[in-house]
Every structure is written in structure tokens, then in C-alpha cells.
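Subject: Structure handover

Hello,

Here is the structure I promised to pass on. My notes on what was found in it follow below.

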Amino acid sequence: MAIQQMTMPQLGESVTEGTISKWLVSSGDKVNKYDPIAEVMTDKVNAEVPSSFTGTITELVGEEGQTLQIGEVICKIETEETLNAEETLNAEETPEKQEASAPKETEAADSPAANNQSSKKRYSPAVLRLAGEHGINLEQITGTGAGGRITRKDIQRIVDSGVQQQTNTPEPQTAEAAPQQAEKKQPSQPASAAGDIEIPVTGVRKAIASNMQRSKTEIPHAWTMMEVDVTSMVSYRNSIKDAFKQKEGFNLTFFAFFVKAVAQALKEFPQMNSMWAGDKIIQKKDINISIAVATEDSLFVPVIKHADEKTIKGIAREISDLAKKVKAGKLTADDMQGGTFTVNNTGSFGSVQSMGIINHPQAAILQVESIVKRPVVMEHGMIAVRDMVNLCLSLDHRVLDGLVCGRFLGRVKQILETIDEKTSVY
């Protein structure tokens, strides 16, 4: 027998944590390898986590509603696998037991008090991060873990109680240090009044907030817009949409034309299909278009892979299939991975101009706004009513400059303005 630890899996690129929304097993249940044991939410996907082992659940470490970092233990499983003595020791011993069995440098370190103090000061990355975010002094906390070790639950309990400032012991300040401390002081949170409704920030919404804050603080955003005359495209799509739906069984949306145009332009301007990687810029070979799909309370960004190799029909099918998966809560981790550029259909709810937040670690996001009829001055001073749309591009100025973005957007415009009845959707 051996005790194996199941950890929070990586459920998408740039995902750093997951929330256990529901346990599908209980302590004492027998499971087979690959059986689903929990439902986990991230900012990108809702997914079932399969067991990595065959055995019996001995402990559910994570609680429903709890958010854990990737790699943190979520449960323990007793297996019947035969391990050698050293592997069994490593699998069954806790970090505290392993530390206690290590050679001691001094007699003082050999005492129970010293062991207890040593355990206290071994903080996990999740504990350090959460304590740092809320200004909590770890030296002032009594942990509930083995050997007095401080756990993430200890920190979260203090945060939820709203008394975390009491755990900090003010340090003597010089006159010069005081302004710096004032800058670090957390802004006060608004208080609820009678009749207000408090909505807990949990699950996907919490992860979205974290990622959006990361994108805006890490990425130097720039923004540009171009208007496009899509009169011919609108006329062509409207003339074939009913026959297409009857033949194919799904809708031919305007959005499919835009995604195809972007994919084609990305192939001609590969710099746009890049990512910032600290000391280098990675220009991605595959053109995988992330599309934003919203529900009532969440936002998901599934990916159309190899979009440049697909027809307008193929892209329309994927848009339809991915939207159905989002609404049914059946998106998989694979559906969310590999995106290199994002196209957002903000026009679907009537927006005519917006600035998107870049989907980290990508370098740009294109907002396709609402198609509206407007009077436009044509050649020779003639005025005509045309179907116009604004394309709004947010870009990472570390990776991209205005010249290449302007040329890229101009090429998307050119492709869209030349779509007519001669264009094949197949």
C-alpha cells in the first residue's frame, strides 16, 4: 500500500490556479485511474479532473469552493502499487516528518520546540503570495498545520474575517520611510449599506479579475481603430445564409468572415502572431484564433486551431460548436489551449467602439464592432448609405509597433471590402 497525492492540474496556458466547484467522490470511495473525481473551474475552462491512480480516497484535502495553486495537493489516494522503501517513505511522509528525520546541526535544533519553530517558518508559495497580497505578518500567526505550520486556509481565514491588519506589528518608521509606507497602504474597500446586495467573488469571476489585472499591469497597451465598408460582404452573406443553414445545419455568421480575414492577414504579417517572453519575442508558427464567448456571469476564450487552413464554412462550424460547448459547460482544457491571437465579437451586443484587454500572453486583440448603416462620402462627392464596421486593435507595445499594426489592420480591411458573391465559403 502507498499513499499518493493528487495535485491541481494545469488546465490551460497561463492558468495558475483552479477552484474546486464540486467533489464527485468522498473519502473512502474506490476509484479507477482516469475516473473523474472533481469539477474544477478556472478563468478559462470548467473541467472534470480525472484520477491519476487506482485506489481508495483517503482524504479530500481541498474543499468545495476553495481555490488552489497549480501543483497544490487536492486529495490523497491509497493505492496497491508496490514501491521500494525509499519511494514509500517519500510518498507517505509529510514535509514535517521528513524535516524531523533530517540530521540536526545543533542540540538546540533537536528539541521539540525547535522542530515546531522550523515547521512554522517553512511557508508554501501559496501562503507567501496570499500573505503578501493582504499585508499579513506570518510571524504573528499560529498555524493549524502539522507542527504548527501555517497553511493557506489559515491565511484565508484571516482575510475572510477582515482583521488581517491586526496581525501586523508596526515597525518603527523614519520620516523618510513614512511616505513609502503610505504608498503601500491598501485602499479601503467600500462598505455595504442597507438594501445593497453582496455577491461573493468566487470561481471564474475571481480568476477573470486576476488575469485582467495582470494583463493591464504587465502589458503596455496601445490602441488603434480602422473603419471598414462591408456593404458587399453583408449583401453576399444575407443572400446565402438561409440556403447555407438548410444545407449545413448551422448558421453562417458575419463573425466567421471576420475571423477568416484576420487569419489570412496573420499569415501575411506573422509579427502580429507573437508573444513576449522576457528576454525574447516568440513568433508562433500556428495561427490559432481565440474567440471570446460570454455567459451570464462568465467569459470563456476557446480556440479555433489552424484558422488559416480552414474555410469560412469550417470556421463557422467551429464557432457554432464552441459556443454550444460553453453554454453546456462542456469545454475541455484542449479547447482553451494554444491561442495566439484573439478576435472578440463585441458588435454582437451593439458596441461600436471599444478597447479590449489583451489576452495574456498574446500580443494583440481585435474587437469587431457592430455593423451599422451610415452615410458615406463616395467618389466624386456622392453620398451613399453603406454598411460600416469599426475594427479596434489593442496591442502590446513591447512586441508590436504602429507601423506593422497599421499595415495588418489595413490588410484585414482590404480582404473584407473585397468579399462579394464571387467569394466561396467552401
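**Around proline 302**

Apart from its neighbours within four places in sequence, proline 302 is in contact with Ile289, Ser290, Ile291, Val293, Leu322, Val326, Leu331, Asp335 and Met336. Please keep in mind that this is a predicted model. Proline 302 sits in the loop that runs between strand S14 (299-300) and strand S15 (303-304). Its relative accessibility is 0%, so proline 302 counts as buried. Threonine 332 is 30 residues away from proline 302 in sequence, and the two C-alpha atoms are 9.1 Å apart in space.

**Overall make-up**

The protein has twelve helices and 19 strands. It has 426 residues, of which 40% count as buried. Among contacts with a separation of 6 or more, 64% are between residues 24 or more positions apart.

Strands of a sheet pair through backbone hydrogen bonds, and the pairing is either parallel or antiparallel. Here four strands make an open sheet in the order S5-S4-S2-S7, with antiparallel pairing. Strand S5 (46-50) and strand S7 (67-69) are at the edges and have a single partner strand each, so one side of each has no neighbour in the sheet. From one strand to the next, the twist averages 40 degrees.

Glutamate 17 has glutamine 69 of S7 as its bridge partner.

**Helices H9 and H10**

Two packed helices are described by the angle between their axes and the distance between the axes. For helix H9 (residues 254-268) and helix H10 (residues 312-328), the axes come within 9 Å and cross at roughly 120 degrees. The crossing of H9 past H10 is right-handed.

Which residues meet between H9 and H10? From H9 they are Phe255, Ala256, Phe257, Val259 and Lys260, and from H10 they are Ile312, Ile315, Ala316 and Ile319. Sorted by class, this contact of H9 with H10 has eight nonpolar residues, no polar residues and one charged residue.

**Aromatic rings**

A search of the whole structure gives four aromatic pairs. In one of them, the ring centres of phenylalanine 244 and phenylalanine 250 are 5.4 Å apart and the planes are at 85 degrees, so this pair is edge-to-face; the cut-off for that class is over 60 degrees. Phenylalanine 244 counts as buried at 3% relative accessibility, and phenylalanine 250 is buried too, with a relative accessible area of 6%. Ring pairs join Phe244, Phe250 and Tyr426 into a cluster.

**The hairpin of S18 and S19**

Strand S18 (residues 372-377) and strand S19 (residues 383-396) pair in the antiparallel sense over six bridges. Arginine 374 stands opposite arginine 386 in S19. Five residues lie between the strands of this hairpin.

Histidine 380 is in the loop between S18 and S19. Its phi is near 60 degrees, a positive value in a residue other than glycine. Is histidine 380 buried or exposed? Histidine 380 counts as exposed, at 78% relative accessibility.

**Other backbone points**

Most residues other than glycine have a negative phi, and most peptide bonds are trans.

- Tyrosine 34 is not a glycine, yet it has a positive phi of about 80 degrees. The loop between strand S3 (30-31) and strand S4 (36-41) holds tyrosine 34. At 62% relative accessibility, tyrosine 34 counts as exposed.
- Histidine 360 and proline 361 are joined by a cis peptide bond, with omega about 10 degrees. Proline 361 is placed in the loop between strand S16 (341-344) and strand S17 (364-368).

Strand S4 also belongs to the open sheet described above, in the order S5-S4-S2-S7.

Best regards

Terms used. Residues are numbered from 1 along each chain as its sequence is written. This is a predicted model: local features need pLDDT of at least 70, side-chain atom pairs count only at pLDDT 80 or more; totals for chains, interfaces and linings use all residues. Side-chain values use heavy atoms; hydrogens and water are left out. Two strands pair if DSSP finds at least two bridges between them. Helices (H or I, at least four residues) and strands (E, at least two) are DSSP runs, numbered from the N terminus. Axes are lines fitted to C-alpha atoms, for helices over the stretch in contact, and angles run from 0 to 180 degrees between N-to-C directions. A crossing is left-handed if the near helix is turned anticlockwise from the far one by less than a right angle, and right-handed if clockwise. Contact means heavy atoms within 4.5 Å. Ala, Val, Leu, Ile, Met, Phe, Trp, Tyr, Cys and Pro count as nonpolar, Asp, Glu, Lys and Arg as charged, and the others, Gly among them, as polar. Rings of Phe, Tyr and Trp (its six-membered ring) pair if their centres lie within 6.5 Å; planes under 30 degrees apart count as stacked, over 60 as edge-to-face and the rest as tilted. Buried means under 20% relative accessible area, exposed over 50%, partly exposed in between (1.4 Å probe, protein chains only).
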